[in-house]
Protein chains: 2
Amino acid sequence: MADLKRILEAVDCELDRSLERLFGLLRIASISTDPAHATDCRRAADWVAADLADLGFEVGVRETGGHPVVLAKHLDGNRRHVLFYGHYDVQPVDPLDLWETAPFEPRITTGRDGIQHIVARGACDDKGQLMTFIEACRAYKIATGTLPLGVSVLIEGEEEMGSKHLPAFVGAFRDELAADVALVCDTGMWNRTTPAITMSLRGLVYEEVRVRAASHDLHSGLFGGAAQNPVHVLSSIIAAIHDDNGRITIPGFYDGVEELPADVKAEYAKISPSAESFLSTAGLKESAGERDRLLIEQISTRPTCDVNGIWGGYTGPGTKTIIPAEASAKVSFRLVGDQDPDKVREAFQAFVRARVPADCAVDFISHKGSPAVSLPYDHPLLTSACRALEDEWGNPAVRVGSGGSIPIIGDFKRLLGLDSLLIGFGLDDDRVHSPNEKYNLASFHKGIRSWVRVLHALSQ
Amino acid sequence: MADLKRILEAVDCELDRSLERLFGLLRIASISTDPAHATDCRRAADWVAADLADLGFEVGVRETGGHPVVLAKHLDGNRRHVLFYGHYDVQPVDPLDLWETAPFEPRITTGRDGIQHIVARGACDDKGQLMTFIEACRAYKIATGTLPLGVSVLIEGEEEMGSKHLPAFVGAFRDELAADVALVCDTGMWNRTTPAITMSLRGLVYEEVRVRAASHDLHSGLFGGAAQNPVHVLSSIIAAIHDDNGRITIPGFYDGVEELPADVKAEYAKISPSAESFLSTAGLKESAGERDRLLIEQISTRPTCDVNGIWGGYTGPGTKTIIPAEASAKVSFRLVGDQDPDKVREAFQAFVRARVPADCAVDFISHKGSPAVSLPYDHPLLTSACRALEDEWGNPAVRVGSGGSIPIIGDFKRLLGLDSLLIGFGLDDDRVHSPNEKYNLASFHKGIRSWVRVLHALSQ
């Protein structure tokens with residue numbers, strides 16, 4: 001423990017220089033979706049590679065067909081081996097006029113509450129977050145001359161454009177990427193003083209459904225009252241997906257959905273936000289979800305269905321008295337636990353087909369499908385990681401589910417057999433993807449200290 | 001009756017010249033919606049005016065702000081007075097390449113079944129039809145030197161563009177247009193050998209409804225399971241409009257809808273087409289309408305509701321995982337009997353509002369509204385008109401309802417207090433508004449004879 005204390009002191013001593021380095025990375029406008037910034041993306045990759053090389057990593061900037069990947073290794077005998085993942089690319093900055101200062105000129109501001117923030121595009125997502133890990137490694141090197149376990153670092157440059165080339169890269173270099181567990185710093189805290197480990201990411205099934213009736217749009221005066229209207233048919237199908245309690249009625253849909261462990265459920269009952277507070281940023285007050293579930297379950301550990309778009313018939317200004325020939329909807333499902341995307345897709349299609357009258361035809365376009373990813377609640381490293389976070393923050397780490405997806409996490413599991421510990425220090429008010437993105441100085445500083453403690457715990 | 005026989009003989013003798021005159025009118029490309037044909041519209045008006053002047057009518061070509069109206073009068077003492085309505089304008093001819101011969105070069109063709117047709121744009125709608133009436137007047141003049149009752153003729157030039165200026169014209173010249181009944185030749189026969197009188201035209205209420213939930217589109221991963229989805233809300237509302245028997249569930253909707261007289265219902269039971277035969281042109285087989293109603297009722301004498309268009313959220317290619325902020329639909333109702341458009345509109349809005357959850361807002365755009373128009377089944381002139389038609393065709397005239405609307409008929413009732421006898425000789429296969437429009441030679445010839453008999457009957 002004397003060692004740990006020395007390393008944490010190194011973090012504190014180094015903080016100003018850590019910030020300087022972070023600012024250096026933040027100054028690079030590595031917007032991956034904008035071809036005009038391709039050179040900036042490569043500069044960011046080179047910057048990260050150089051910094052890791054300084055720390056004694058064996059580093060390569062690898063080509064992918066898109067923006068390059070930085071792959072770095074600091075291996076040292078037969079100890080436990082972690083693979084850290086982050087991304088150097090950032091979101092576009094539009095609308096630029098809403099930024100209070102230039103997005104790629106990072107600065108420290110002090111809020112009305114006296115809290116200090118780092119403000120820049122990427123301050124949180126993901127440059128600030130990934131540098132917490134690299135600076136933790138640096139503190140180890142400064143204080144001990146080495147790292148406490150084997151560390152590989154994979155920093156990609158296409159996360160904000162869907163990690164297009166990464167699965168192929170991971171598949172092609174699976175041997176080089178072998179590790180015992182993946183560490184990811186791209187998620188958030190529970191709140192400003194309570195750390196969190198993200199236990200699960202929801203999967204996705206995305207279907208487009210088209211209902212066709214007459215061979216062409218019909219005159220609603222001549223045919224109204226007799227001809228089948230596909231908008232009515234599609235509306236009835238959509239209306240039937242949820243029952244009055246917000247539960248999805250598609251047979252077999254909940255197969256593979258487990259109840260939370262009792263201790264997690266008890267913890268959730270204490271910490272779940274109210275619908276009113278959670279939904280306030282959306283201008284809403286009441287949950288429309290499953291009635292017998294906590295809000296935190298509804299948005300993270302329970303599967304859902306949403307119509308993402310619907311269209312059919314005349315949608316221009318004024319009136320047109322037709323019975324449309326067809327109507328379409330995009331319908332997506334968020335999956336949890338062991339729900340099988342293929343089975344959910346089939347069950348949905350069967351549900352729709354059973355509700356299409358004889359005179360109508362239906363067809364489907366199957367878009368994305370990915371299963372949920374989750375860390376087992378009894379994962380051997382979870383307890384020590386949680387304790388390390390509690391030691392730093394003074395509050396127990398909350399084990400949360402995320403409602404969204406980080407597809408590469410599923411690929412780590414599928415291609416490399418790796419579970420991921422998702423530990424991040426972002427906050428809900430960080431304005432990620434929006435103007436004036438920020439990262440609390442405390443998130444950065446205590447984030448570095450948190451990784452020091454987690455690496456220490458994992459090395460035991 | 002000797003008189004009547006002589007007049008009918010005059011029709012037969014005059015037929016070749018009647019056709020020549022019709023062809024003269026058909027050669028004028030009076031497409032009202034195309035500004036390039038404005039001069040042609042005026043030429044058609046002048047042509048009709050000159051023809052009526054030849055018959056001894058006092059004629060004026062009146063300005064309306066759009067294409068002119070022909071107003072002609074042949075008044076003769078205190079006898080019964082009819083106002084005949086028709087239109088000289090025609091639909092555009094696109095797609096031109098589907099016409100077998102030029103649309104404004106009329107010709108007689110003989111079908112495979114040996115039946116002769118007049119082929120041209122306007123052959124049926126409405127030049128052929130309106131000339132049946134004018135030629136009937138001519139036969140009277142040839143055989144008797146006069147007309148058997150007072151006749152006013154109103155021929156407009158904007159029917160195919162919604163009769164934009166006609167209601168104001170009718171309102172402004174209501175004294176000049178005074179009559180005992182309106183006669184209209186712009187509808188069809190029941191079939192090739194059975195004449196029909198159209199007893200009713202459905203009214204219309206057209207509403208646009210928008211349901212709004214969140215202040216902006218939400219990420220379906222972060223908010224899915226909690227946030228209200230306006231597409232789900234709108235779909236549930238649309239699904240609730242009809243019950244399992246196809247009946248509309250909006251409270252008060254059927255107020256003012258009367259059952260048919262028993263004799264009409266009995267007649268309908270004999271003549272109603274099957275759903276399969278009626279819907280075959282639409283590529284459909286089964287009626288989606290009220291289960292306990294005859295198909296003929298469903299499409300003509302019963303009120304209906306159809307969604308004409310729906311839209312919300314992401315409707316482009318591929319996927320976007322949002323919960324839409326809003327969803328909209330265009331919803332229209334066909335009205336019958338004494339249904340009040342304002343009350344139907346209010347009842348629909350109340351029905352929607354009652355189904356919008358607390359977190360959603362709803363707003364409406366109110367488009368068209370017009371009541372149904374109907375001729376009372378006990379109208380004093382109906383029986384004699386029916387008998388006159390039966391005398392010509394050998395089959396009893398069917399009293400039918402039309403599913404669509406001819407708005408000016410409502411204006412005749414509202415502004416002039418006039419009931420309308422809708423008698424026409426079009427057939428379902430006349431390709432009205434389509435390439436190769438035709439009018440059976442028999443429709444034209446026996447149509448003229450029919451008007452001779454109807455005028456004779458009405459003059460008694």
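How many salt bridges does the count between chain A and chain B give? The count is 0, where a salt bridge is taken as a side-chain nitrogen of Lys or Arg within 4 Å of a carboxyl oxygen of Asp or Glu. The structure is a predicted model, in which local features need pLDDT of at least 70 and side-chain atom pairs count only at pLDDT 80 or more, while totals for chains, interfaces and linings use all residues. Residues are numbered from 1 along each chain as its sequence is written, chains are lettered from A and ligands numbered from 1 in the order in which they are written, and side-chain values use heavy atoms, with hydrogens and water left out.

The interface itself comes next. The size of an interface is often given as the accessible area lost when the parts come together. Here chain A and chain B bury about 5300 Å² between them, with 55% of that area on carbon and sulfur atoms; buried area is the accessible area (1.4 Å probe) that two parts lose on being put together, summed over both. Chain A brings 72 residues to the contact and chain B brings 72 residues, contact being heavy atoms within 4.5 Å. Polar contacts link 32 residue pairs across the interface, both residues at pLDDT 80 or more. Such a contact is a pair of N or O atoms within 3.5 Å; within protein, one must be able to donate a hydrogen and the other to accept it, and residues adjacent in sequence count only if both atoms are side-chain atoms.

On the chain A side, strand S11 (residues 304-313) supplies the largest share of the residues touching chain B, namely 10 residues. Helices (H or I, at least four residues) and strands (E, at least two) are DSSP runs, numbered from the N terminus. S11 of chain A runs antiparallel to strand S11 (residues 304-313) of chain B, joined by 5 bridges; strands pair if DSSP finds at least two bridges between them. Within this pairing, A:Trp311 stands opposite B:Trp311.

The UniProt record, an unreviewed entry, places the feature "domain: Peptidase M20 dimerisation" at residues 209-358 of chain A. That span is 34% helix and 19% strand, and its end C-alpha atoms lie 17 Å apart.

Some backbone details deserve a look as well. A cis peptide bond with omega about 0° joins A:Asp125 and A:Asp126, and A:Asp126 lies in the loop between strand S5 (116-119) and helix H3 (127-144) of chain A. In chain B, the bond from B:Asp94 to B:Pro95 is cis, with omega near -5°.

Notes: UniProt positions renumbered as here; feature names shortened; annotations may be inferred.
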